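Trainee: Before we discuss particulars, could you show me how to read the features of a model like this, step by step?

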Amino acid sequence: MEMKNYIEQAEKKAGKQLELAKILDVSASYIRMVKAGRKGFSVDMCIVLADYIGADRLEVIAASNLVTEKDEKKRKIFESCFSTAASVTAAAIVISILTLPMQKPVNAGNLSAQFTNVQIIGNLITEEEDEEEMIL
């Protein structure tokens, strides 16, 4: 994901760019420069931003460094952070799905009997209420 997208998520959560600037302890103009791709955030600001929006810290740091990095070898290293984090996330999702407990099928016969019991109890309550009203 691009740095601009992370910033936009944070701005949306903060409500205003100025509020996000306060959270990151930078000026709003600095945020605009990062968003435009002219500057990057420091590592500590990337961590604060990532935590604020619930993003992977390494991905945000890599995205910020990709804004300004010119060396192709270093760019490939930062780009690899996205596929690694995505792979870990995908693996976690697959594992959680595979380890979900199996649900037992519902027996419709049991539901019918239970519904009948509820109806009978409901009718009894209604009859008792009617008798109480007649007494009053």
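Mentor: Let us begin with burial: a residue is buried when its relative accessible area is under 20%, exposed when it is over 50%, and partly exposed in between, with a 1.4 Å probe and protein chains only. By that rule, buried residues make up 26% of the 136 residues in the protein chain. Please keep in mind that this is a predicted model, in which local features need pLDDT of at least 70 and side-chain atom pairs count only at pLDDT 80 or more, while totals for chains, interfaces and linings use all residues. Residues are numbered from 1 along each chain as its sequence is written, and side-chain values use heavy atoms, with hydrogens and water left out.

Trainee: How many helices and strands are there in the protein chain?

Mentor: Such elements are DSSP runs, numbered from the N terminus, where a helix is H or I over at least four residues and a strand is E over at least two. Here the protein chain has seven helices and zero strands.

Trainee: Which residues of helix H5 are buried?

Mentor: In helix H5, which spans residues 57-68, the buried residues are Glu59, Val60, Ile61, Ala62, Ala63, Ser64, Leu66 and Val67. At the start of H5, a side-chain oxygen of aspartate 56 comes to within 3.0 Å of the backbone nitrogen of leucine 58; this is a polar contact, meaning a pair of N or O atoms within 3.5 Å, of which, within protein, one must be able to donate a hydrogen and the other to accept it, and residues adjacent in sequence count only if both atoms are side-chain atoms.

Trainee: Why does serine 64 count as buried, and what is it in contact with?

Mentor: Serine 64 counts as buried because its relative accessibility is 1%. Contact means heavy atoms within 4.5 Å, and, leaving aside neighbours within four places in sequence, serine 64 is in contact with Met3, Gly40, Phe41 and Cys46. A polar atom of the serine 64 side chain also lies 2.7 Å from the backbone nitrogen of phenylalanine 41.

Trainee: How many disulfides does the count come to?

Mentor: A disulfide is a covalent bond between the sulfur atoms of two cysteines, and the criterion is a pair of cysteine sulfur atoms within 2.5 Å. The count comes to zero disulfides. Cysteine 46 counts as buried because its relative accessibility is 1%, and cysteine 81 counts as buried at 12%.
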